Each structure stands twice: as structure tokens, then as C-alpha cells.
Amino acid sequence: MTPGRGPERPAIRTPDQRLRVFVSSTLREVEPERRAARTAIEHLRLAPVMFELGARPHPPKELYRAYLEQSDVFVGIYWQSYGWVAPGEEISGLEDEYRLAPGAMPKLIYFKQPAQREERLAGLARRIQSDDTAAYKSFGTAEELAELLESDLATMLAERFDDSRSASGDGVPPPVDSSPWSRVPVPYSRLIGREQEVAEVVDLLASPENRVVTLVGAGGIGKSRLAIEVADVASAQFPDGSVFVALENVLEPNLLLPTIAYALGIRDTGEVPLEKRLEIAFEGRRSLVVLDNFEQLVQAAPVLVRLYEIAPDAAFLVTSRAVLRIRGERAYEVPPLATHDPASPTSVTRAMTAPAVELFVERARAVKPDFELTLANAPAVTGICDALQGLPLAIELAAARTRVLSPASILQRLDRQLPMLVDSSRDLPERQRTLRSTIEWSAALLLESQRALLADLGVFAQDFTLEAVEALGAGRLWDGEAIAGLAALVDSSLVSQRDVSGESVFTLLATVREYAIGRLQDTGDERRMRDAHAKFYSELARREARGLQGSGQKGAVARLSLERANLRAGVRHLVDIGDFATATDVAWRLYLYWWVGAYFGEVSVWMADVLARGGDQLTDHQRAVARFYVLWREMWDGPSPTIAQDLADLAEPFARTADDLGVAMATSAAGLAQVQSGDRNFDIPAERLRRGAERFRASGSFWGEVLSLVALGRIEHLRQHPDAALSLFRQANEAAVTGGDGFGSTIATHHLGRELLASGHVEEARRVFHSGLQVSIGLHHDEGIAYTLEGLCAIAALHGDVDRAGVLAGAAASIRHRVGMYDVPEFVFHEGYVERLRTPENASRLDEALARGREYGAIEAAEYALASEPGPDDVAAAVRQPALRAAASAGDQAREVAAL
């Protein structure tokens, strides 16, 4: 069994091997719902796996664990009871079942309402709601549950069916595991005919001389799918995990490192050089980084050599159509699938077992379940695979046509059309010509309006929605037929579809997108469609920007993140055509999103290009926006008094164009830059930050007010004015609450809790850190979780709880390592509290607790922190320990100066 992927099974199941759905619930409390779930599952011809008490030769725990190992889908049904905790156990069977479900197993969770849940079940519910791998809904009656479950199972199976069709070519299903260091896509179909290639590449990765192994081959040869399989098989060589980085929509070499950082969950806010964050994250990790579709970034190949030094224990697996030609690289040519038995190349009977034929049959059965390979149709099937030269994607496209055409009819059309199509594109390598011709052949079977739709979809980058497609249809041949057209393209395997948060999302394979763009270029429509694409996403940016402040922040961030690849493509097009007004407008409106998502590095690249290309064409406001982003980045990369003055000077053009928010941002940023430059005269930066905070407040931009007040509070702390610092941190927290700014709240609570702790207000500090932790969990904000864990760790240390302090410190350190968090060592304030616990009698116990904490994930650590709060007597005792508080406060001024 592959760890975390459930039990391995034959790819082709016999009729008795139906998909198994494990149902987890208490027994008597939701008995009607259990019956309804069984009926819904059986209605879909799936097999319900339901634990029932009764006479069995195995203990209950052993039994349900065995059931889980043999299941494919996990369904949880919860109401009010947490369930029975057996003697000698710490958790109920209900929670144990959820924890034992493999990370890659689909999880559908249903909560019955209304409910008065037991406290421990409420805690489990919070964990489930924070689990990115679980989908959860509420229901009221057993009948409603049956309807929801049947619909959700059908949708889930359809999604995995669609994803499986693209996994043999360039298509890559989305990651399932939420851990950044295990984000390798989980394939939904087996890999056919690549056993030798997998073994050879795994061996290459095992050699320390091969820092980069590059899988080279034509589009559609199956490089991405092979890389995924290699990452899975080689997992034992890389105990610290693997990460998959998709690069097909990354065009600027300067964005390679930010894209790798984003895939690892590292936030590039600019405060610390990105290479430093990556160095922290990779330190001591024997890990594998898969860089997929590198061919358009070959100029950035030397960056990988820099990564050798940043990540000395990591290995890199690259897929590309071109060799990178850097030191430490080992190129591996990915061959096509075998179409016949080399020992008997003319034998049709032996060719029936060839990998290419096996792939055709499997994909044909995906669209026509009763398809069988027989002696009668085998010559046509083998002929198709020969004609397509064993290219997996080309074979898949041809097999998709078995829904309406027999293999003989497909071969007849290929024999007639393929040579002519191949000859028409002699400028391409032979295999690439074959793939392009197969796409053209497949497209030729569509209606004219559907072919036009396919071409127009080429302007989309990565995922796109039906709303976006319909917005581009005005005046096009397919106008008003988007739904039917997309359905036809999905049926033809030219477009893939999946569901994200209840919305259909579509994707073109990279090779199909190239074909589509080529068609637009041939017809002269590329500029028109790119203009329409950029217009739609500019309008979407303006619409979603309004929700970035207040209660809608989380939803707006989620929507923009879904559309980020297309936002990037839209802005890049606007810069390329010289529409600097719209490009800078989008960049400026989404400032808060770039900050929350940590995309400043990317935006600063665009804005530097605006400055380089725009010259005298730029208005004062456009130049000020672009300059702001570039200066913000420079402020952290190489702080100097000049940058502070340059930022302050931007307030004037913003004021001339009546942009009050711009004035506030330039003013506050100038204050930060001056402190960052090492200037110890705090009067001027404090005044700038104060004026910035006032302007942010006046414009209703509470997030800016929060950041300015926090910076002011840190300056007052440096001045040794604890009361003033406390007051400012309280104001910052109040501003965050008023504005509904969750991310700002995590920053304010961390600083407020730290200052409260240093001032002896231990109980209030505990409540503040507790609140900040809950907000950070809801936002999936790992850095916020780490900071609050450190605060609660310090409190635990104050009242002498060695185990709790050690576990929380270890968990926070693990998060810091994983996401590349950096503070100057002295600023990690909780360490002073923890080290005071390291007495001769406690040292071993503390080290054991630290080690346990490092094994916790972010959510597990947060649950531990919330479930093991100290009592009032413990807090009171902590207040009486000024020596411990003083240990954390010593040298604060030097630490704060460095941290600012």
C-alpha cells in the first residue's frame, strides 16, 4: 500500500469490486441518517462500508481500521455526540476514524442541524472545517442527507473521471494533500508502460552528482505524468517531502523563485529577501522539487544553480521540451509508448498487449464502458497507435472518439488526413507534428462554432470559469452557445473540467492551448481575444477589490486566488500593448490582495516593466503607482535613506491626482523605510506613520491604519514607553476588528499579546493570543498560527509547564522552518522564556517535548494549544514570576531595531 494514498488496486476491477464508501458516525444517534446514507450509496451502485456493533471475531478498533484500509471514499455524518472513548484510549472511535483516513482519500462530511454538540465533537468540527482535503455541508433531515450525499458522490466521481483522462498527457490533476511539502498531484489513473522509465529516473535522482534531472520530450509525450509517478516512487529517498511547481503560465524568468516559494507556502511580502526565506525552508531537508513545463523559462535555468546552494540537500526533477544546459544536469529523453512487441513487430496478436494499445483501450472504456479489444478490431487499434507514433496524448484524443466512431473508422480518417496534416507543418519536429495534427483532426470532428470556441479559449491561462468564457463570447461565432460548446470540448478530451467550491472550472492542456493560440494567430484574432480577456479580468479585479476590506475579505481573496493566473496574463497583456492606465489601475486596486497573498515580488516585476516601457507616456499617477511597488521591494532588499525620501516624494503626485489612499501609503511607507534604513532618530518616521494612520482611517482603509499603528507601537516600545506602545497596539487591534480585517488582526494581536506579556498582564495576553490563534486558523494563515503559538508557549513557560511550553515551541519552530519565516534570532521572544525552563532536572523532558511539537502540523498544534489552556491559578502564579518576564525583555531595544 502506498502511504497516504489508500490501498493499491488493479486498474480494471471485476464486477464485484465496486468503489467502497466508508461511513463514519455514531450508531444509534443517527440511525435514520445511516439508513439513508446506505440507500444513497447503493443507488449509485457503490458499496457502503458501515461499522456495526455485533458478534465479530475482531475488536471494534481493529475492525474499523481494516474497513478503512479497504475503502475509497470517506463519509462522516455527525450530530451531537462525540462518541464513546474506550478504556485506555484518548479519543473516540469517531475521531480515530477521521484521523486514520488517508490524506488523499476524498472526504465528504455532513453536520446535522440544529445541534448542541458535545465540546470534543465541536473541536473535531473545527478541525474538519480547517481541513483543505475535506468538503463539508449541513443538513436537517435524513431525506435531505440522502439527496446531498448522492449528488456529492456523483459529482466527485465525475471530477475524478475527468481528471483521469488528462493524467497520461500534459494534464495534471490538482494537489489533494494540504501540506506544502507533499503537494504532488494525485493521479486518478494508473501509469501505463513506464515501469522502466520510472526505475531509471529514480536511480538518477539517487545520485548526488545529478542535482537536476530533466525529463525531455515533445509535448504530449507524458513528461508530467511520468514526473508525478517518479515523485511517488522515490518518496523513500526524500523523507522530507516533495513539492510540485507548475510553470506553464510563468513567462518571466524573475518569477521563477516567487513561484517556487508560493508552491511551498512561503509568503513573499518583501520584508525578508526571498532567497533567505527559501534557505530557511530548505535547511536540512532531503526533499524533491518537481518543476513542470520549464521550456519557456530556459533563460532562468541559472537560477537553479543558485538553488543548489540554497537547498544543498534537495534534488530537482524538471520537465521541459529543451535541455537546460547547466552544471549538475542529467537529461533523460522520454520515449513514446511502445506500439508493438519488439521481438515480433508484425504480430497483431502480440501488439494487443503493447502499452500504447493498453492506453487506447483504457481511455476508450472511459467514454464507452462496453468497449472491448477483440481480434476483429485489434488491427485497427494497433494501426491507430502506430499512426500516432505512441504519443500518449494523441492516443487519448483518438480514443475519446470511440464514443461515436469505431476503431476502423478512426483509423480510416487518420490514414486519409494525418499524412496531409503532418506534411503541412514541416517546421516542427516529427513527433510534435504528429501531436498537432492529431489535435487538428480531433477538432475537425467538431461543429464550426465549437472549433471557434476552442481557438478563443487559448487566451485563458490555467483555470477559467463559465462566467469568463461567456464574457468573451460577444460577437463570436459561438456566442450564446458556451455551455454546449464546452460540453462538446470536454467530451472530446480537449478541455478538462472540475469543481472548485461548487463552481465549474475548466482547463486546457498546455499543448491544446498552444494549438488554440496558433489558430487565433492564423485568423488574426489573437489581439482581439486577448483584449477581451484583459478587459474581463480588469473588471473582475475592480469588482473583487471592493470586498477585500471587511467581512468579505476571505471570499474575495479566494476568488482572486482562483483567477490569479488569468489576472497575471491579463496584466502582462496590458503592459505589452502599452495600456499602462489599466495595468496600474488593476495593480493599485489589488494592493491589499498582493499583500495578503504575498505577491509583491511578482507585481514589482510588472511595474518595473511599466516604468521601462512607459517613459513619457505615463501620467503622474501611473508613474507613482509603478514607482511605489518598485521602491517597496527595494526598501527590503537594500534599505537606505534615499529610498525613504523617494517614497515620501510620491505623496505629492498622489495628492495632485486626489488619491488620498496613495498619499497615506506613500507617507507610511516612507516612515517604515526610514526606520529600516537604520536611522535612530525616530521623530520623523513616527510623524510620518502617524499622519499615514490618520489618512488611512479617514479613507476607511482600516488595514493600512492597522499596519501603521503597529509600526508606531514598535517605535514606542523602542523608546521604552510601554504604556504608549500598549495603547497603540490596542488601537491597531480595534481598527482591525472594526474593519473586519482578519490578516491585519493577526499582526495586531501578536504585537499586543507580546507587549501585554512583557508588562505582566498575563491573563489578558493569553486571551489575546487565544483570539489571534482562532482567527489565524480560519484564514489558514500559518505565520499567524506560529506567532500565537509562541505567545502561548511563553505563558506556559511562565507557569512552569515544561511539556506544554516545549510542544508549542517545537510546533512553532516547525511552521517557521516549513514556510521560511525569518526574524532576527533575538526577536523570537518566546525562546527567552523557554530556555529558563532548561534546568538540569528538566532538560531531557523539555527536549522530548520540543521533538513532539515538531511533529505537529499547524492545525494539530493549534488544537493542542486551544485544548490545554492553563487555569486561573496557573496564570496568577505566572504573574508572580518577574524574573522570567525580565528574561524575555532583556535587550529589547537592539532586537526591535533589527526587526523593524
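In which loop does Asn 210 lie? Asn 210 lies in the loop between helix H6 (195-206) and strand S7 (212-216). Helices (H or I, at least four residues) and strands (E, at least two) are DSSP runs, numbered from the N terminus. The model is predicted: local features need pLDDT of at least 70, side-chain atom pairs count only at pLDDT 80 or more, and totals for chains, interfaces and linings use all residues. Residues are numbered from 1 along each chain as its sequence is written, and side-chain values use heavy atoms, with hydrogens and water left out.

Stay with Asn 210 for a moment. Its relative accessible area is 10%, so Asn 210 is buried. Buried means under 20% relative accessible area, exposed over 50%, and partly exposed in between (1.4 Å probe, protein chains only). Leaving aside neighbours within four places in sequence, Asn 210 is in contact with Leu 204, Gly 328 and Arg 330. Contact here means heavy atoms within 4.5 Å.

Now turn to an open sheet. Its five strands have the order S2-S1-S3-S4-S5, with parallel pairing. Two strands pair if DSSP finds at least two bridges between them. Strands of a sheet pair through backbone hydrogen bonds, either parallel or antiparallel. Strand S2 (47-50) and strand S5 (134-139) stand at the edges. Each has a single partner strand, so one side of each is left without a neighbour in the sheet. From one strand to the next, the twist averages 25°.

Look at one pair in this sheet. Strand S4 (residues 107-112) pairs with S5 in the parallel sense over six bridges. Phe 111 stands opposite Ser 138 in S5.

Helices lie across these strands. Helix H1 (residues 31-43) lies across strand S1 (20-24), S2, strand S3 (73-78), S4 and S5. H1 runs at about 150° to S2. Helix H3 (residues 93-100) lies across S1, S3, S4 and S5, running at about 150° to S3. For such values, axes are lines fitted to C-alpha atoms, for helices over the stretch in contact, and angles run from 0 to 180 degrees between N-to-C directions.

Follow the chain on from S4. Pro 114 is found in the loop between S4 and helix H4 (119-129). A cis peptide bond joins Gln 113 and Pro 114, with omega about -5°.

Another parallel pair involves strand S8 (residues 242-246). Five bridges join S8 to strand S9 (residues 288-292). Phe 244 has Val 290 as its bridge partner in S9. S8 is mostly covered, with four of its five residues buried.

Gln 389 has a positive phi of about 55° although it is not a glycine. Gln 389 is found in the loop between helix H13 (378-387) and helix H14 (392-399), and is partly exposed at a relative accessible area of 24%. For Gln 462, phi is near 60°, again a positive value in a residue other than glycine. Gln 462 has its place in the loop between helix H17 (448-456) and strand S12 (464-465). At 33% relative accessibility, Gln 462 counts as partly exposed.

Next come the helix pairs. Helix H20 (residues 510-523) and helix H21 (residues 526-545) pack at about 120°, with their axes 7 Å apart. H20 and H21 are therefore oblique to each other. Angles under 35 degrees count as roughly parallel, over 145 as roughly antiparallel, 65 to 115 as roughly perpendicular and the rest as oblique. Ile 517, Leu 520 and Gln 521 of H20 make the contact with Glu 526, Met 529 and Arg 530 of H21.

Helix H28 (residues 641-649) and helix H30 (residues 660-676) pack at about 170°, with axes 8 Å apart. That makes H28 roughly antiparallel to H30. H28 contributes Ala 644, Leu 647 and Ala 648 to the contact; H30 contributes Ala 666, Ala 669, Ala 670, Ala 673 and Gln 674.

The largest nonpolar core has 141 residues. Such a core is a set of buried Ala, Val, Leu, Ile, Met, Phe, Trp, Tyr and Cys residues joined through side-chain atoms within 4.5 Å. Among the residues with the most contacts inside this core are Phe 360, Trp 594 and Leu 647. Helix H27 (residues 620-637) gives the most to this core, with ten residues. A second, separate core of 60 residues includes Ala 735, Val 762, Ala 765 and Ala 858.
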